[in-house]
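Hello,

Here is the structure we talked about passing on. Please look it over first; my notes on what was found follow below.

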Amino acid sequence: MTSQARANLDAPDVAVTRAAPSGAYVTRLLDAASLLPARYRLLQQATIVELGAVLIVAALFRYLGLGTVGLNSDEAVYAGQSASLAGNQHFTALFPIVRAHPLLLQLVMAPLYRSGIVDTPGRYVAATFGVATVALVYVLGRVLYDHRVATVGALLLAVMPYHVVIGRQIMLDGPMAFFTTAALLCLALAARRNARAGWLVAAGASIGLATLTKETAIIMIGSAFAFICLTSHMWRPVRFPLAGAGIALLLTFAYPVLTSMSGGSRSGQNYLLWQLTRQPNHDFAFYVVVVGASMGFGLLAVALLGLFARRFTGRTVTWREGLLLSWIIVPFAFFQIWPVKGFSYLMPLAPAIALLGARAVVPAAARLRTRAGRRYAAVLIPLVTVSLVVPSVMRVVTPTTSGLAGAGGLPGGREVGQWVDTHVPIGSHLITIGPSMANVIEYYSGRRCDALSVSPNPLHRNPTYQPIVNADAELKSANYEYIVWDAYSARRSPHFAARTEQLRRRFDGHPVHVQRGELNGKADQPIIIIYEVHP
């Protein structure tokens, strides 16, 4: 972008009066209805075409085949909480309302789970948040750069495997990323010359809503203040950044206060204690290797190189890149240091990374007029996009069976849960290898399941789960009638898988149901087996 263009972008508005053709009245009405000031002209015809095309792509990747695979463990918990909030008697005994995280998403989904045993509706809610986040990235790109960067940035996020996979699940991180992206947009608006400082208050409110979705979003307050400290004029007047932080903290503490008033504070305290004392669950390179691959190494590479390459991009590093980098570095550093690493924890970073990648592959307007600039964009944009599209398509067509929490569905889980609901007597209890399969079976069947891998030490287990202190004694007393083996838990916990096999042999377990599916690239393999045991 040329210096003159950048000056025009930062310049305050001036009143402009011009005659409008008769066909422009619809556009004026749409502009008047937009949340942003009319000067940005975000809803002109060209914008509608660009944004509409990108949103169609985003919707296709997020809505198609949502019900192909049943719920995984986390999805079962959040959907079960929604059903309990709605008073669905099938779930209230096994899925308490106060369990772990805040309940904003669960409240939104609750009307969809008022009756029956349904699973897919919540995924449509989560997917809608994902599509809306793509739209916010387009608006953010227009505010920070121009319509070219906005379109490419939104497209990159629309097809990013990381955002697609998590956005297709009933996970808290997708809606949380929507609100954190809204906060990022408010900060971008507040940083512009002669902008209204009230956008800082709106940013704080957006972060507060994000924390009501998932408490880890509180880290984004650090990102916001890191950027404000780098941009001195945003401290004037100081009451606005402080008011924004105050609103964010007020909304953040609303959930624990309400939980305490409702008598559920002990559960929340136990969960917090467990989180603080958990052992590392992945190695130090997990985010770089696993999450980086899901975000796209090609996208990450061009985003990083674009910060230093000036020959083709024609852009220098400005406060815009400072804002995006602050949004990325602070949470990444925190979660990298934090011993517990989750696949979905870095979801708020995805929009900023997509825009940095778009900035790198889209040259400035002056460069696009040259043959070299057009050739650069014509080669790099499709290359980066295709590098994201191919794995995204594979993840949609063939849901992952890796067993990594948050990385996909759980093939066979819904079918097994439905079989248990039909064939296992009410009041029966089942033993599983791990709590993931237990949650899924409980969701679909309403039968109580306990996992062998749950530690008897309260400091080393999720306080929601009950340990089996002496499985042999429990089976001899006929407190459990079935043992469930599944390939995914067995791969993650070979020790407890071996213990399950030992109990099966000792108590004369014989298979009553075998669920088959694809395993390790081979079709028609036993992936879940239910054994009936005898004392």
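**Notes on the sheet, the cores and some single residues**

H513 stands opposite I530, a residue of strand 5. Please keep in mind that this is a predicted model.

That pair belongs to the contact between strand 4 and strand 5 (residues 522-532), where 8 bridges join the two strands in an antiparallel arrangement. Strand 1 and strand 3, by contrast, are parallel and joined by 3 bridges; L430 has Y482 in strand 3 as its bridge partner.

Put together, this is an open sheet of 5 strands with mixed pairing, in the order 2-1-3-5-4. Strand 2 (448-451) and strand 4 (510-519) are the edge strands; each has a single partner strand, so one side of each has no neighbour in the sheet. From one strand to the next the twist averages 25°. Helix 21 (residues 435-445) packs on the sheet and touches strand 1 (429-432), strand 2, strand 3 (482-486) and strand 5. The direction of helix 21 makes about 175° with that of strand 2.

How enclosed is strand 3 by the rest of the structure? Largely, because 4 of its 5 residues are buried.

On the chain as a whole: it has 24 helices and 5 strands. Of its 535 residues, 52% are buried. Counting contacts between residues at least 6 apart in sequence, 75% join residues at least 24 apart.

The largest nonpolar core is made of 128 residues, and Y162, W327 and Y443 have the most contacts inside it. Helix 9 (residues 173-191) contributes the most to this core, with 14 residues. With neighbours within four places in sequence set aside, W327 is in contact with a list of residues that includes T180, A183, L184 and L187, and also I207, M220, P348, L349 and A352. Another core lies apart from the largest one; it has 10 residues, including L475, Y480, I483 and L503.

Helix 17 (residues 349-361) is mostly covered, with 13 of its 13 residues buried. Its length can be checked: at 1.5 Å a residue, 13 residues should span 18 Å, and the end C-alpha atoms are 19 Å apart, so the two values agree.

S489 is found in helix 23 (residues 487-492). Is S489 buried or exposed? S489 counts as buried because its relative accessible area is 10%, and the cut-off for buried is under 20%. Leaving out residues up to four places away in sequence, S489 touches I433 and G434. Between S489 and I528 there are 9.8 Å in space, C-alpha to C-alpha, although they are 39 residues apart in sequence.

Last, the cysteines. How many disulfides does the structure hold? The number is 0. Two of the cysteines can be set side by side: C186 is buried, with a relative accessible area of 8%, whereas C229 is exposed, at 54%. The second label applies because exposed means over 50%.

Regards

Note on methods: Residues are numbered from 1 along each chain as its sequence is written. This is a predicted model: local features need pLDDT of at least 70, side-chain atom pairs count only at pLDDT 80 or more; totals for chains, interfaces and linings use all residues. Side-chain values use heavy atoms; hydrogens and water are left out. The expected span of a helix is 1.5 Å times one less than its number of residues. Buried means under 20% relative accessible area, exposed over 50%, partly exposed in between (1.4 Å probe, protein chains only). Two strands pair if DSSP finds at least two bridges between them. Axes are lines fitted to C-alpha atoms, for helices over the stretch in contact, and angles run from 0 to 180 degrees between N-to-C directions. Contact means heavy atoms within 4.5 Å. A nonpolar core is a set of buried Ala, Val, Leu, Ile, Met, Phe, Trp, Tyr and Cys residues joined through side-chain atoms within 4.5 Å. A disulfide is a pair of cysteine sulfur atoms within 2.5 Å.
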